Amino acid sequence: MIEFGYKIQTDRQIDYDSNNRRILEFVRRNEPSVDWCMSCGTCASGCTAAVSTDYSLRRLIILARRGMEDDILESVYRCRFCGKCFNACPRGVNTRNVIYMMQLAATKIANHEI
């Protein structure tokens, strides 16, 4: 095979119709303030878990909106519930409860309850 110095990248489009948004719907039912999030990243800037891992609440909320639950399940349990994100949020999102609800939804998914 001849190499020309480049390779074709995999498709990065998000198919919203095929993704499952059950985590977001679960969180919305139990913590409606998640819809106030504007993904500014202020919560992620002071995150204790983000110092030692690739954890980001901003990223989790974006993934939930996209319906990419496999990526959420991979890192949702890294939160240490320190509360820095709650204090930093300019919109008043109850971030600790959002994280808790995401963890609860992940547990329910693992147990085939939702």
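The model is a predicted one, and its secondary structure comes to seven helices and zero strands. Across the chain the pLDDT averages 89, and 99% of the residues score at least 70.

**Asn-94 and its surroundings**

- When residues up to four places away in sequence are not counted, Asn-94 touches Glu-31, Ser-33 and Phe-86.
- Asn-94 and Trp-36 are 58 residues apart in sequence, while their C-alpha atoms are 9.6 Å apart in space.

**The chain as a whole**

- Read from the N terminus on, the elements run α-α-α-α-α-α-α, and the C-alpha atoms fill a box of roughly 55 × 35 × 25 Å when this is taken along the principal axes.
- Of the 114 residues in the chain, 34% are buried, and the accessible surface comes to about 7500 Å², with 49% of that surface belonging to carbon and sulfur atoms.
- Among contacts between residues at least 6 apart in sequence, 69% join residues that are at least 24 apart.
- Confidence is lowest in helix H3 (residues 48-52), where the mean is 88, and highest in H1, where the mean is 95.

**Helix H1 and its buried face**

- The buried residues of H1 are Ile-23, Leu-24, Phe-26 and Val-27. Seen down the axis of the helix, these residues fall within an arc of 160°, so they line one face of H1.
- Cover for the buried residues of H1 comes from elements that include H4, H5 and H7.
- An α-helix has 3.6 residues a turn, so residues three or four places apart point the same way.

**Helix H4 and its buried face**

- In helix H4 (residues 57-66), the buried residues are Leu-57, Leu-60, Ile-61, Leu-63 and Ala-64. Around the axis they cover an arc of only 160°, which puts them on the same side of H4.
- The elements that cover these buried residues include helix H1 (22-30), helix H2 (42-45), helix H5 (69-75), helix H6 (84-88) and helix H7 (95-110).
- After H4 comes Gly-67, a residue whose phi is positive, near 80°.

**Salt bridges**

- Side chains of opposite charge can pair when their charged atoms come close. Counting a side-chain nitrogen of Lys or Arg within 4 Å of a carboxyl oxygen of Asp or Glu, the model holds five salt bridges.
- Glu-69 forms a salt bridge with Arg-22, and the closest N and O atoms of the two are 2.7 Å apart. This pair links distant parts of the chain, since Glu-69 belongs to helix H5 and Arg-22 to helix H1, 47 residues apart.
- Within helix H1, the side chains of Arg-28 and Glu-25 meet in a salt bridge of 3.2 Å, N to O. Because Arg-28 and Glu-25 are three residues apart in this helix, about one helical turn separates them.
- Arg-28 is partly exposed, with a relative accessible area of 31%, and Glu-25 is likewise partly exposed, at 35%.
- Lys-108 pairs with Glu-113 in a further salt bridge, with the closest N and O atoms 3.5 Å apart; Lys-108 is partly exposed at 23% relative accessible area, and Glu-113 is partly exposed at 49%.
- Salt bridges that share partners join Glu-25, Arg-28 and Asp-35 into one network.

**A nonpolar patch on the surface**

- Ile-2, Phe-4 and Tyr-6 form a nonpolar patch on the surface, and together they have about 450 Å² of accessible area.
- Ile-2, one of these residues, is found in the segment before H1 and is exposed, with a relative accessible area of 65%.

Conventions. Residues are numbered from 1 along each chain as its sequence is written. Side-chain values use heavy atoms; hydrogens and water are left out. Buried means under 20% relative accessible area, exposed over 50%, partly exposed in between (1.4 Å probe, protein chains only). Helices (H or I, at least four residues) and strands (E, at least two) are DSSP runs, numbered from the N terminus. The arc is that of the directions from the helix axis to the C-beta atoms. Contact means heavy atoms within 4.5 Å. Patches are made of residues with over 30% relative accessible area and no salt bridge: like charges are joined within 9 Å, nonpolar side chains (Val, Leu, Ile, Met, Phe, Trp, Tyr) within 5 Å. Accessible areas come from the Shrake-Rupley method with a 1.4 Å probe; for residues, only the protein chains shown count as cover. pLDDT is the predictor's confidence in each residue, from 0 to 100.
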